[in-house]
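Please work through the following exercises with the sequence and the model at hand. Each task is followed by a stepwise solution.

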Amino acid sequence: MYPPIYQCHNGHTLCSTCKTRVHNRCPTCRQELGDIRCLALEKVAESLELPCKYCSLGCPEIFPYYSKLKHETLCNFRPYTCPYAGSECSVTGDIPFLVAHLRDDHKVDMHSGCTFNHRYVKSNPREVENATWMLTVFHCFGQYFCLHFEAFQLGMAPVYMAFLRFMGDETEARNYSYSLEVGGNGRKLIWEGTPRSVRDSHRKVRDSHDGLIIQRNMALFFSGGDRKELKLRVTGRIWKEQQSQEVGACIPNLCS
């Protein structure tokens, strides 16, 4: 029980959350509950130190009751949410579990290596609102990355967007960089940035425009032909930033 803790006239105690659920009636003796606080139990609660609820997943931290809940919302050991964006998937787990889940349940393409060359084809590119998310998982530097490609409406303009997410926490994601390139007909767009952690939902990344955004007219121009079919080739690479001990600068560690 977390304070405030209440008691009925017979001394039975319950927390404020349960008090609202029992419609102000003591669940033990059915007496009407008032607003009598049990200060003795509240003092006991204030002295307690409790383990994080993710201790079974590896978190070693112990907290006073009043900071435990806040920690658990940010704990690095809390389970990750499935990064698949094609449906509202509620599966959670650690990274190895989610990689197997993406491969076996969502049939996501898995690739090894730090470079990619993907072709996205759509026969009717004007159906932006019905476009399907595409997801590919890459394994390099001993880590997993999710490459997303999506069509959506940006204001009144239909656009396509590609971006990379890191399967791990934000602090680890900052150790990596990536580039994306798309072009055709002698023109080219290039994006370079840091992958976002899968702690951030795909919708949050999309709405922050943190990736390569291609206007539909430009995408059709890149596709060539009669501009009635989308044929985009997106290439890119991932590299790890290493800290130079002499000058303290980041130098890229490229993966062949």
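The model is predicted: local features require pLDDT of at least 70 and side-chain atom pairs pLDDT 80 or more, while totals for chains, interfaces and linings use all residues. Residues are numbered from 1 along each chain as its sequence is written, and side-chain values use heavy atoms, leaving out hydrogens and water.

**Exercise 1.** Determine which residues of helix α4 are buried, and where they lie around the axis.

*Solution.* Step 1: helices (H or I, at least four residues) and strands (E, at least two) are DSSP runs, numbered from the N terminus. Step 2: α4 spans residues 95–104, and Ile95, Leu98, Val99, His101 and Leu102 are buried there (under 20% relative accessible area, 1.4 Å probe, protein chains only). They cover an arc of only 160° around the axis, so they lie on the same side of α4; the arc is taken from the directions from the helix axis to the C-beta atoms. Step 3: these buried residues pack against β5 (80–81), β6 (92–93), β7 (109–112), β9 (134–140) and β10 (143–154). Step 4: at the N-terminal end, Asp94 caps α4, with a side-chain oxygen 3.0 Å from the backbone nitrogen of Phe97.

**Exercise 2.** Describe how β10 pairs with β9 and with β11.

*Solution.* Step 1: two strands pair if DSSP finds at least two bridges between them. Step 2: β9 and β10 are antiparallel over 7 bridges, with Val137 opposite Cys146. Their hairpin has 2 residues between the strands, and Phe141 takes a positive phi near 55°. Step 3: β10 and β11 (residues 157–166) are antiparallel over 10 bridges, and Phe145 has Phe166 as its bridge partner. In the turn of this second hairpin, Gly155 has a positive phi of about 70°.

**Exercise 3.** Identify the residues that touch the most other members of the largest nonpolar core.

*Solution.* Step 1: such a core is a set of buried Ala, Val, Leu, Ile, Met, Phe, Trp, Tyr and Cys residues joined through side-chain atoms within 4.5 Å. Step 2: the largest has 31 residues, and Leu180, Ile214, Leu232 and Ile238 touch the most other members. β11 gives the most to this core, with 7 residues. Step 3: apart from it lies another core of 13 residues, among them Tyr80, Ile95, Leu135 and Val137.

**Exercise 4.** Is Asp169 buried or exposed?

*Solution.* Step 1: Asp169 is found in the loop between β11 and α5 (170–173). Step 2: its relative accessible area is 10%, so Asp169 is buried. Step 3: leaving aside neighbours within four places in sequence, Asp169 is in contact (heavy atoms within 4.5 Å) with Asn76, Tyr80, Ser197 and Arg199.

Methods:
Buried < 20%, exposed > 50% of the residue type's maximum accessible area, 1.4 Å probe, protein only. Polar contact = N/O pair within 3.5 Å; in protein donor to acceptor, adjacent residues only side chain to side chain.
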